[in-house]
Amino acid sequence: MSNPDTYCIKTTGLNLWYGDFQALKDINLKIRQGIITSLIGPSGCGKTTLLRCFNRINERYGNVKTTGSTLILDEDIYTPEVSLIELRKSVGMVFQRPNPLPISVYENVLFGLKIHGATESQEKSTRDEIVEKALREVFLWNELKDKLHRRATDLQLDQQQKLCIARLLPLKPEVILMDEPCSALDSEATRGIEELMLGLIPKYTIVIVTHNMAQARRVSHECIFMLMGELIEHSPTDQLFLTPRDERTADYIEGRYG
Amino acid sequence: MSSVESKSNPKGSGVRRFAESAGIRRKFRQEAMVKWLLAGATGMMLVPLILIIAYLVFKALPILSVGFLLDNPVKGMREGGVWAPFVGTMYLIVISLAIAAPIGVLAAVYLNEYAREGWFTRIINLAVINLAGVPSIVHALFGLGAFVLFAGLGRSVLAASLTLAIMTLPVIIASTKEALASVPMSFRQACWNVGATRWQTIRHIVLPNSISGILTGIILQVSRAAGETAPIMFTGAVFFKKVQQGDMFPYGLLDQCMALSMHLFTISTQVPGVPMELPYGTAVVLLATVLLVNICSIVLRVYLRSRKKW
């Protein structure tokens with residue numbers, strides 16, 4: 001399914017403004033398919049904004065202007081023909097705070113399919129299979145197989161976050177974007193999410209924003225360092241942490257700012 | 001050793017370290033006073049309510065019966081029951097709500113979920129809040145001008161219901177908006193994120209999670225629609241109208257009607273020689289009507305809440 005030489009996300013000359021404030025400056029990058037790429041940098045450097053460009057969720061947050069091109073699997077996602085609904089099906093997002101919907105675990109997993117009208121024609125057994133498959137992929141099946149009809153908002157925080165990932169899977173996404181998915185979790189739960197991420201590749205391409213550099217080192221294959229809206233360095237993770245090419249990267253990973 | 005001891009317990013070994021001091025006792029007294037003050041305020045709110053109801057029921061006791069509800073006023077409204085005004089009030093409540101509730105809820109959904117923040121929406125929100133504060137007599141005059149005269153509906157059930165709808169609409173919009181805004185943003189994000197449209201988000205997540213708040217706002221307006229006299233006085237309610245006893249649908253949309261609030265006003269101030277228990281009985285029926293509608297909506301609310309999706 002994946003090929004390390006194909007690129008999943010490509011941007012050229014990507015600029016983004018919130019009103020008068022330029023949050024992204026001339027971003028050119030190529031993110032490989034089937035691996036985990038992490039975005040690091042100090043607060044306000046634009047990493048979350050960049051992540052949100054990949055499924056155009058930025059546009060729901062008011063006064064945003066974007067120029068340049070963003071290609072997902074060689075298709076420009078900023079042309080008028082692109083349907084945001086189809087785009088968000090194949091580019092899913094996981095947020096800082098787990099956001100399960102206040103319905104049952106079972107319905108949460110199927111929510112995306114239901115929205116797209118796919119569940120009406122399906123047998124119950126097919127739906128059960130989809131739920132089981134998705135929950136197995138996020139290592140939740142054994143914990144939750146007897147609690148499928150409990151309200152998802154009553155689960156533990158890390159189970160909620162895994163469920164939010166599971167909710168994306170029935171839509172068969174290409175890319176999963178994660179915006180500091182572990183920042184609300186303790187270290188035990190964080191390890192659980194990281195294991196799960198490594199289990200999801202190479203089937204899915206994962207881009208993760210993280211504040212935690214140790215996490216970036218543990219889970220990501222490639223690492224992108226950003227500073228004040230600019231992309232400073234994009235290298236394999238080991239290289240970025242051991243022999244950074246740019247002085248500013250070195251300063252950051254040694255903790256001199258941020 | 002001794003120096004350590006004196007440091008940790010400077011008052012010497014005989015003094016209890018955790019004993020209550022005068023300052024702490026004062027704080028406890030304060031705490032108790034505040035608690036009683038707050039409880040007292042709650043009690044003060046309850047006492048008049050209970051007194052009013054008890055007084056009304058006590059005064060009306062000699063006349064309260066099923067017959068009082070089902071009979072029409074007779075002998076120049078000095079005897080008989082309240083059937084005609086009771087049915088009239090039911091008409092006004094149902095028709096005005098049927099107009100105001102859907103429009104109010106849909107407008108609130110638009111304002112909260114679709115409209116972009118800007119000067120236009122700000123003006124609309126300001127207008128809604130100000131309209132909610134307009135006195136009912138002003139709505140009455142507007143209803144008279146717009147529905148009775150201009151639209152040519154005459155003084156009728158329809159004109160009175162429209163006037164009540166105009167009066168309750170802004171409050172329904174404001175309370176519905178409040179209820180919608182209390183649904184966490186993260187639920188909406190979760191929906192958009194699997195490719196849901198705004199309407200799907202509203203239909204599947206936002207409305208089911210705010211329905212009880214929306215209904216509460218609407219219920220409060222039922223009481224207002226039932227209780228106001230001024231808006232219906234000029235627009236459709238009359239002192240007296242003869243209807244068949246026990247007739248469930250005595251009024252046409254373009255007929256004039258009686259109403260409980262208007263009837264209460266009439267027999268307590270306009271007709272001489274009305275026995276005292278008659279207005280009290282009417283008031284009890286009015287209260288019971290409002291209570292009944294409220295109970296119905298509470299049952300509906302509990303039912304919708306238990307389903308959480310529909």
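Trainee: What share of the contacts in chain B with a separation of 6 or more is accounted for by residues 24 or more positions apart?
Mentor: This is a predicted model. In chain B, 76% of those contacts link residues 24 or more positions apart.

Trainee: Which pattern does chain B follow along the sequence?
Mentor: Chain B reads α-α-α-β-β-α-α-α-α-α-α-α-α-α, with twelve helices and two strands.

Trainee: How should I read the radius of gyration of chain B?
Mentor: Set the value against that of a compact globule. For 310 residues such a globule would have a radius near 19 Å, whereas chain B has 28 Å. Along the principal axes, the C-alpha atoms of chain B fill a box of roughly 100 × 60 × 35 Å.

Trainee: What percentage of the residues of chain B count as buried, and what makes up its accessible surface?
Mentor: Of its 310 residues, 43% are buried. Carbon and sulfur atoms supply 70% of an accessible surface of about 17,300 Å².

Trainee: How is the size of an interface expressed?
Mentor: It is often given as the accessible area lost when the parts come together. Between chain B and chain A, about 2,000 Å² is buried, 60% of it from carbon and sulfur atoms. On the chain B side, B:Trp192, B:Asn193 and B:Val194 lose the most area to chain A, together 33% of what that side buries. In terms of contacts, 19 residues of chain B meet 27 residues of chain A.

Conventions:
Residues are numbered from 1 along each chain as its sequence is written. Chains are lettered from A and ligands numbered from 1 in the order in which they are written. This is a predicted model: local features need pLDDT of at least 70, side-chain atom pairs count only at pLDDT 80 or more; totals for chains, interfaces and linings use all residues. Side-chain values use heavy atoms; hydrogens and water are left out. Helices (H or I, at least four residues) and strands (E, at least two) are DSSP runs, numbered from the N terminus. The radius of gyration is taken over C-alpha atoms; the globule rule is 2.2 Å times the number of residues to the power 0.38. Buried means under 20% relative accessible area, exposed over 50%, partly exposed in between (1.4 Å probe, protein chains only). Contact means heavy atoms within 4.5 Å. Accessible areas come from the Shrake-Rupley method with a 1.4 Å probe; for residues, only the protein chains shown count as cover. Buried area is the accessible area (1.4 Å probe) that two parts lose on being put together, summed over both.
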